[in-house]
Amino acid sequence: MTDKTMTPDEVVGRLRSGMTLGIGGWGSRRKPMALVRALLRSEITDLTVIAYGGPDVGLLAAAGRISRLVTPFVTLDSIPLEPHYRAARESGAFALTEYDEAMFMWGLHAAANRLPFLPVRAGLGSDVMRVNPELRTVTSPYADGEEFVAVPALRMDAALVHLSRADRLGNGQYLGPDPYFDDLFCEAADTAYVSCEQLVESAELAKSGPLQSLLVSRHAVTGVVETPNGAHFTSCVPDYDRDEAFQKMYATTPWPEFAARFLSGPGEHDYQSAVRAWHEEQQ
């Protein structure tokens, strides 16, 4: 039995500039935002980020921490295109590898299974092949002789994900409507760090939801962090919905102004306090 509990800053202390970092969640849903904010408090930069992108990518892009992004999209869901990502991309701040969603998923599967690639039909006949000239195709060795895209494994040095519940051993549970492939991110990475709304005893996980909600197994997890409201301002259903008012403000506020007010403090508590103060001002 191993207690894997850590703080956000201890997680970031395990990361280094130049790493390939996977970030779980989907768009503006169940993102490990407290861990991303801890990353922004560090000097780590030159990251290759792999994500179904949302404000995690927007924050890191605006702060100049990304050298390459691998993604099928970067969205705030209710706001179709993440504006800080868009600004950074339009200025040529980092390189972009953009895959079809199915290609991205099979790249995660390949990495999780320690395969160099997996063959998929997605991408054939589309501009995905044109804008990613490094992609290759393979031919089935069987009688059908079908051609497939050989999607390369999306291997990562580290992955960050956020779940509803976890125990101290690294088992993680989601209680919302979708796993968002967080298990694949953990399996595809050399190290994986799970933040959660609440740490519970192992026996409580089985009581909190159906068996399939036990998404992440301890064998794939390096560290666990209890971060209540740690996905803010993205959603973490059923604990809370997306903070739409705050997200709209984030999307329309110049980055230096947003960062100065909400990201300049020494810890997550300062961010949460600043958010509460902002909401009080809106009443």
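Colleague: Which ground rules apply here?
Modeller: The model is predicted, so local features need pLDDT of at least 70 and side-chain atom pairs count only at pLDDT 80 or more, while totals for chains, interfaces and linings use all residues. Residues are numbered from 1 along each chain as its sequence is written, and side-chain values use heavy atoms, with hydrogens and water left out.

Colleague: OK, H11. How many residues does H11 have?
Modeller: H11 has 15 residues, 268-282, and spans 22 Å from first C-alpha to last, close to the 21 Å expected at 1.5 Å a residue. That expected span is 1.5 Å times one less than the number of residues. Helices (H or I, at least four residues) and strands (E, at least two) are DSSP runs, numbered from the N terminus.

Colleague: Which residues of H11 are buried?
Modeller: Glu268, Tyr271, Gln272, Ala274, Val275 and Trp278. Buried is under 20% relative accessible area, exposed over 50%, partly exposed in between (1.4 Å probe, protein chains only).

Colleague: And what covers the buried residues of H11?
Modeller: The cover includes helix H2 (33-40), helix H9 (244-252) and helix H10 (255-262). On the face turned away from the buried side, H11 carries the exposed residues His269, Glu280 and Glu281.

Colleague: Switching to the largest nonpolar core: how many residues does it have?
Modeller: It has 46, and those with the most contacts inside it include Phe258 and Leu263. H2 gives the largest share, 6 residues. A core here is a set of buried Ala, Val, Leu, Ile, Met, Phe, Trp, Tyr and Cys residues joined through side-chain atoms within 4.5 Å.

Colleague: What is Leu263 in contact with?
Modeller: Leaving aside neighbours within four places in sequence, Leu263 is in contact (heavy atoms within 4.5 Å) with Arg37, Leu40, Leu59, Trp255, Phe258 and Tyr271.

Colleague: Which residues line the largest cavity?
Modeller: Arg37, Leu40, Arg41, Phe262, Leu263, Gly265, Gly267 and Tyr271. A cavity is a set of points on a 1 Å grid over the protein atoms alone where a 1.4 Å probe fits but cannot get out, and lining residues have an atom within 4 Å of a point.

Colleague: Last topic, the loop between strand S12 (223-226) and H9. Where are the cis bonds?
Modeller: One joins His232 and Phe233, with omega about 10°, and Phe233 lies in that loop. The bond from Val237 to Pro238 is cis too, omega near 10°, and Pro238 is in the loop between S12 and H9.

Colleague: What about phi of Asn229?
Modeller: Phi of Asn229 is near 65°, positive in a residue other than glycine. Asn229 is also found in the loop between S12 and H9.

Note on methods
1 Å grid on protein atoms, 1.4 Å probe; cavity = no way out; pocket = protein on both sides within 12 Å on 5 of 7 lines; lining within 4 Å.
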